[in-house]
Amino acid sequence: MKTNPSHTQIPVTRVSSILRYTRLLRSIGAPVDRLLDRARIPAELLNHPSAVVSLGNAFRFGELACKAEGTEHLGFVVGLTATLDDYGSYGNILLNALTVYDYLRKGIFLYNMVITGQRLRLSEHGKEFRLTIESDVGSGIGVYQSHMETLITTIARLREAAGPQWSPREVGLAYRAQERLPGTDLLAGSRIIQGAGE
């Protein structure tokens, strides 16, 4: 009997992906160690960026951090401040992409270097391309942080190639936030659809 590989893996993420959040949280005085403990992530793992943690626990950490800081958009802020260097080996590969297409192709194909249980997909729609983020680990505010970080980081890198006037025509968000998105010129002119399902 053939099994689906996405159902036989335990969804995990690299500790390096949590470090971007802990760095920001520590800079604003948030109780990082307490939040990690409540999310069942040992604080000592932060010394091992290549180690992995349960994706569910990482999303729980994102949810707890948002509640502690009274925001729904922590991943958005992390995405604005992230550089490709923050993504380790994965970021170095993307940094060496020669074209936008090469960047997207490598980013999608190698995404599981950073996270499993979540996928990127590129599809063509006439003269437009759609980048979709899919998660196997439920939905909610914790998953949304990962989606927002990936989305904002990707848009920022694409803008570097396309020029400062470019922004996506439309951005669909799976999660319907009660709070307005933080202001950024990255989304100037973009139509934002919340609760889009993906």
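**Helix packing and salt bridges**

The model is a predicted one, where local features need pLDDT of at least 70 and side-chain atom pairs count only at pLDDT 80 or more, while totals for chains, interfaces and linings use all residues. Residues are numbered from 1 along each chain as its sequence is written, and side-chain values use heavy atoms, with hydrogens and water left out.

Helix α2 covers residues 15–27 and α4 residues 55–69; helices here are DSSP runs of H or I with at least four residues, numbered from the N terminus. Their axes come within 11 Å and cross at roughly 20°, taking axes as lines fitted to C-alpha atoms over the stretch in contact and angles as running from 0 to 180 degrees between N-to-C directions. That makes α2 and α4 roughly parallel, the label for angles under 35 degrees. On the α2 side, Ile18, Tyr21, Thr22 and Leu25 meet Ala58, Phe61, Ala65 and Glu69 of α4, with contact meaning heavy atoms within 4.5 Å. Sorted by class, this contact has six nonpolar residues, one polar and one charged; Ala, Val, Leu, Ile, Met, Phe, Trp, Tyr, Cys and Pro count as nonpolar, Asp, Glu, Lys and Arg as charged, and the others, Gly among them, as polar.

Turning to charge pairs, the structure holds 15 salt bridges, each a side-chain nitrogen of Lys or Arg within 4 Å of a carboxyl oxygen of Asp or Glu. One of them joins Arg23 and Asp86, at 3.5 Å from N to O. Arg23 sits in helix α2 and Asp86 in the loop between α5 (74–81) and α6 (88–95), so this pair ties together parts 63 residues apart in sequence. Arg23 is partly exposed at 47% relative accessibility, and so is Asp86 at 23% (buried is under 20% relative accessible area, exposed over 50%, partly exposed in between, with a 1.4 Å probe and protein chains only).

Within α4, Glu63 and Arg60 pair up at 3.5 Å, N to O; they are three residues apart, so about one helical turn separates them. Glu63 is partly exposed at 21%, as is Arg60 at 31%.

Helix α7 (residues 100–109) holds both Asp102 and Lys106, four residues or about one turn apart. The closest N and O atoms of their salt bridge are 3.2 Å apart. Asp102 is buried at 11%, whereas Lys106 is partly exposed at 22%. Elsewhere, salt bridges with shared partners link Arg119, Arg121, Glu134 and Asp136 into one network.

Key. Helix = DSSP H or I, 4+ residues; strand = E, 2+ residues; numbered from the N terminus. Parallel < 35°, antiparallel > 145°, perpendicular 65-115°, else oblique.
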